[in-house]
Amino acid sequence: MASITASASFTLSRLISAPKPSLLPLKASLISSSSSFTSLPLKLKSSPRQPLRHNFSTTPKISATISVGDTLPDSTFSYFDSAGELQTTTVSDLTKSKKTIFFAVPGAFTPTCSQKHLPGFVEKAAELKSKGVDTIACVSVNDAFVMKAWKADLKVGDEVLMLSDGNGNFTKAIGVELDLSDQPVGLGVRSRRYAMLVDDGVVKVLNLEEGGAFTSSSADDMLKHL
């Protein structure tokens with residue numbers, strides 16, 4: 001009995017006195033690893049600022065609702081007459097028993113519209129009318145006051161009727177909306193650029209551009225069809 005007790009005491013003594021596994025190396029490793037991350041210098045690479053650009057011609061091709069041979073849907077436009085009075089007119093008023101050219105721009109005061117598209121029709125107005133065109137109308141999804149100011153800025157006379165499709169009703173009706181909401185200049189939804197020859201309400205020629213491109217909707221392009 002005494003030997004059993006002595007043996008148990010010896011075993012217990014060895015267990016108590018046995019060295020315990022240390023967690024220090026693991027803790028040290030974690031601390032070292034952590035400090036190696038925190039000690040790394042943070043470098044933020046800044047890229048030079050780029051000027052904002054607008055590009056109307058990159059919009060994907062969209063098929064229009066209207067096409068050659070169709071009758072234009074009726075719609076109401078507003079404009080200021082030569083006396084400075086606000087007036088309204090309709091598609092029917094402009095096209096019944098008449099030959100009419102409608103050309104549309106993405107926006108008043110925008111570069112291509114101001115430098116090429118509208119001035120081209122002003123310049124060729126007499127020649128177009130000598131070939132039987134009764135009315136030349138510029139359509140834009142802008143309010144009538146903007147169209148009036150644009151007309152004055154470019155010194156446009158009575159050669160071209162400056163029509164406001166302010167709410168885009170006509171533009172939507174013929175299916176030529178142009179969504180420029182992603183452009184930095186904030187144009188929103190406008191009209192695609194086009195030129196259209198209408199005879200007694202029926203579309204005879206429709207030159208519809210992709211986005212705001214300017215390749216086939218000029219006054220000279222319309223003259224080729226007269």
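A disulfide is defined here as a pair of cysteine sulfur atoms within 2.5 Å. The views below show a predicted model, in which local features need pLDDT of at least 70 and side-chain atom pairs count only at pLDDT 80 or more, while totals for chains, interfaces and linings use all residues. Residues are numbered from 1 along each chain as its sequence is written, and side-chain values use heavy atoms, with hydrogens and water left out.

**View 1. Cysteine 113 and cysteine 138.** The structure holds 0 disulfides. The sulfur of cysteine 113 has its closest cysteine sulfur in cysteine 138, 7.8 Å away, which is too far for a bond. Cysteine 113 is buried, with a relative accessible area of 0%; buried denotes under 20% relative accessible area, exposed over 50%, and partly exposed the range in between (1.4 Å probe, protein chains only). Cysteine 138 is likewise buried, at 0%.

**View 2. Helix H4 and its surroundings.** Helix H4 spans residues 111–130; helices (H or I, at least four residues) and strands (E, at least two) are DSSP runs numbered from the N terminus. Its 20 residues reach 29 Å from the first C-alpha to the last, close to the 28 Å expected at 1.5 Å a residue, the expected span being 1.5 Å times one less than the number of residues. H4 bends by about 55° at lysine 124, where the bend is the angle between axes fitted to the seven residues ending at a position and the seven starting there. Buried residues of H4 include Cys113, His117, Phe121 and Leu128. The buried residues of this helix pack against strands S3 (99–105), S4 (135–140), S5 (161–164) and S8 (194–199), and against helices H5 (144–153) and H7 (219–223). Glycine 132, which follows H4, has a positive phi, near 105°.

**View 3. Methionine 222 in helix H7.** Methionine 222 belongs to helix H7 and is buried, with a relative accessible area of 1%. Leaving aside neighbours within four places in sequence, methionine 222 is in contact (heavy atoms within 4.5 Å) with Ile101, Phe121, Leu128, Ala195, Met196, Leu197, Val205 and Asn207. Its C-alpha atom is separated by 9.9 Å from that of lysine 124, 98 residues apart along the chain.

**View 4. Aromatic rings around phenylalanine 102.** A search of the whole structure finds 6 aromatic pairs; rings of Phe, Tyr and Trp (its six-membered ring) pair if their centres lie within 6.5 Å, with planes under 30 degrees apart counted as stacked, over 60 as edge-to-face and the rest as tilted. Phenylalanine 102 and phenylalanine 170 form a tilted pair, 6.1 Å centre to centre with 35° between the planes. This pair links distant parts of the chain, since phenylalanine 102 lies in strand S3 and phenylalanine 170 in helix H6 (residues 169–173), 68 residues apart. Both phenylalanine 102 and phenylalanine 170 are buried. Ring pairs join Phe77, Phe102 and Phe170 into a cluster.

**View 5. Lysine 148 over phenylalanine 80.** The charged end of lysine 148 sits over the ring of phenylalanine 80, 4.7 Å from the ring centre. This arrangement requires NZ of Lys or CZ of Arg within 6 Å of the ring centre and within 35 degrees of the ring normal.

**View 6. Serine 78 in strand S1.** Serine 78 is found in strand S1 (residues 76–80) and is buried, with a relative accessible area of 18%. Beyond its neighbours within four places in sequence, serine 78 is in contact with Leu86, Gln87, Thr88, Ala144, Met162, Leu163 and Ser164.
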